[in-house]
Amino acid sequence: MTIIIDAKEGIDYEKLEKAALILREGGLVAFPTETVYGLGANALLKDAVDKIFWAKGRPQDNPLIVHISSKEMLEMCAEITDEKVYVLIERFWPGPLTIVLPKKNVVADNVTAGLSTVGVRMPANKIALELIRLSGVPVAAPSANVSGKPSPTEAKHVIEDLMNKVDVIIDGGKCSFGLESTVVDLSGGEAVILRPGAISYYALKEVLGNIEYSKAVVEGLSGSVPRSPGMKYKHYAPDAKLIIVKGRIDKRIDKINEMKKKLELKGYRVGILCFYETAHNFDSQYKLILGSMFDAKECGRNLFSLLRKFNQLGVDYILCEWGEFNLEFLALENRLYKAAANNIVEVL
Ligand code: TXA
Ligand code: MG
């Protein structure tokens, strides 16, 4: 049975302490963060962490991020090899930045899928921070979705995927950012961004000097050897086949309408994912709006929940318009391309 705690209007400490105790003693607790909902287990207990892989159906070789609530917890889990780590955490924590560092032995080996490094992050969400603080232990937590599905940005998504597989789900309302944290690897020589997120390349470069994107980020899923093990799996996928139609606004609108017509003639139900500014060009009862094409934050916040909404609408195809956007859209673009398994139609 799963206990659901409603914390949308604020924290009830009696209930949160109960959840923290369950977490500490080896149970699974799903909790909100500023990025997406996490599925937490005590990172010091191998058996507790095993339950995460079971509940999500997650491949065993994909490491989990350890969530902490204090600098002491960071030092307990990871070796700080570079003073710049302290500058980074001073500037960006609590916040959507995961730092990969050499792992210490107390962290259960299955948390990091046997790797000698561990990803650590201090979330900027009061419920998450208080839960971790009250539990008194570092908390291993991937996104709280069934592996391969869109990440959960509301408690109802967690309920959809994990009801009766976890002990507690804490409902803290909608996640304010809606895309997962930036992952930066500082365990080797140079700093490498393994996953783009809210904390940008330039923000990190200011602190770190030299920094680069991993090949996997730059090239998408195909081709390159993934350094972040999570990169190689199917991700964020809606039930329908998602196709990105990329190009100049007028061309992509025409292309989408043409593709939609053809697919409908074959009897398929076709969803459209578009921007406010272009929505009037598409005539469909299965049209959902990502946000404004000038507001990366708004679009990022909406992406995952819209992908889930298409599942409810029961569409066979989703045609999503896309263009050339600035770096603020990079995290969103990275998730969208993965959700589409790099299925992109370019119109010139
Ligand atoms: O925003 C987030 O980071 C959310 C919330 C819950 O905090 N968590 C999250 O966890 O997105 P997950 O498991 O869905 O994604 C973790 C990513 C994966 O791509 C994984 O491969 C990478 O981080 N990762 C974790 N530990 C790593 C390590 N030691 N080395 C390289 N990559 C690592
Ligand atoms: Mg995930």
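## The annotated binding site

Let's start with what the record says. In UniProt, an unreviewed entry gives the annotation "binding site" to R58, N62, T117, S143, S151, R195 and Y236. These residues are spread over 179 residues of sequence, and they are spread in space too, with up to 25.0 Å between C-alpha atoms. Keep in mind that the model you're looking at is predicted.

## Two of the site residues up close

Take T117 to begin with. You'll find T117 in strand β6, which covers residues 117-121. Is T117 buried, exposed or partly exposed? With 17 other C-beta atoms within 10 Å, T117 is partly exposed, because a residue needs 20 or more to be buried and 12 or fewer to be exposed. Leaving out residues up to four places away in sequence, T117 touches V100, L101, P102, K103, T112 and S187.

Now for S151, which sits in the loop between β7 and α6 (155-162). S151 has 25 other C-beta atoms within 10 Å, so S151 is buried. Which residues does S151 contact once its neighbours within four places in sequence are set aside? They are V36, S143, N145, E180, Y236 and F304. Two residues with the "binding site" annotation, S143 and Y236, are among those contacts of S151.

## Two domains

Step back and look at the whole chain. The protein splits into domain 1 (3-232) and domain 2 (241-347). Taken over C-alpha atoms, the centres of domain 1 and domain 2 are 28 Å apart. Where they meet, 17 residues from domain 1 and 19 residues from domain 2 take part in the contact. On the domain 1 side, the residues that touch domain 2 are eight nonpolar, eight polar and one charged.

## The eleven-stranded sheet

One open sheet has eleven strands, in the order β1-β8-β2-β3-β7-β4-β6-β5-β9-β10-β11, and its pairing is mixed.

Helix α5 (residues 126-135) lies across β2 (29-31), β4 (65-67), β7 (139-140) and β8 (168-171), at about 150° to β2. Helix α7 (residues 201-208) lies across β9, β10 and β11, and it runs at about 150° to β11.

## The five-stranded sheet

There is also an open sheet of five strands, ordered β14-β13-β15-β12-β16, with parallel pairing. The edges belong to β14 (287-291) and β16 (344-347); each has a single partner strand, so one side of each has no neighbour in the sheet. On average, neighbouring strands here are turned by 20° against each other, ignoring direction.

Look inside the sheet and you'll see β13 (residues 270-275) pairing with β15 (residues 317-322) in the parallel sense over four bridges. I272 has L319 in β15 as its bridge partner. Helix α10 (residues 296-313) packs on the sheet, touching β13, β14 and β15, and its direction makes about 165° with that of β14.

M293 lies in the loop between β14 and α10. M293 is partly exposed, with 19 other C-beta atoms within 10 Å. Apart from neighbours within four places in sequence, M293 contacts F275 and E277. M293 and F275 are 18 residues apart along the chain, and 5.9 Å separates their C-alpha atoms.

Then there's F53, in helix α2 (residues 46-56). F53 is partly exposed too, with 18 other C-beta atoms within 10 Å. Not counting residues up to four places away in sequence, F53 touches R58 and Q60, and R58 carries the UniProt "binding site" annotation. How far apart in space are F53 and P142, which are 89 residues apart in sequence? From C-alpha to C-alpha, F53 and P142 are 9.4 Å apart.

Conventions
Residues are numbered from 1 along each chain as its sequence is written. Chains are lettered from A and ligands numbered from 1 in the order in which they are written. This is a predicted model: local features need pLDDT of at least 70, side-chain atom pairs count only at pLDDT 80 or more; totals for chains, interfaces and linings use all residues. Domain bounds come from an automatic or database domain assignment. Two residues are in contact if their C-beta atoms, placed from the backbone, lie within 7 Å. Ala, Val, Leu, Ile, Met, Phe, Trp, Tyr, Cys and Pro count as nonpolar, Asp, Glu, Lys and Arg as charged, and the others, Gly among them, as polar. Helices (H or I, at least four residues) and strands (E, at least two) are DSSP runs, numbered from the N terminus. Two strands pair if DSSP finds at least two bridges between them. Axes are lines fitted to C-alpha atoms, for helices over the stretch in contact, and angles run from 0 to 180 degrees between N-to-C directions. UniProt positions are given in the numbering used here, feature names are shortened, and annotations may be inferred rather than shown by experiment.
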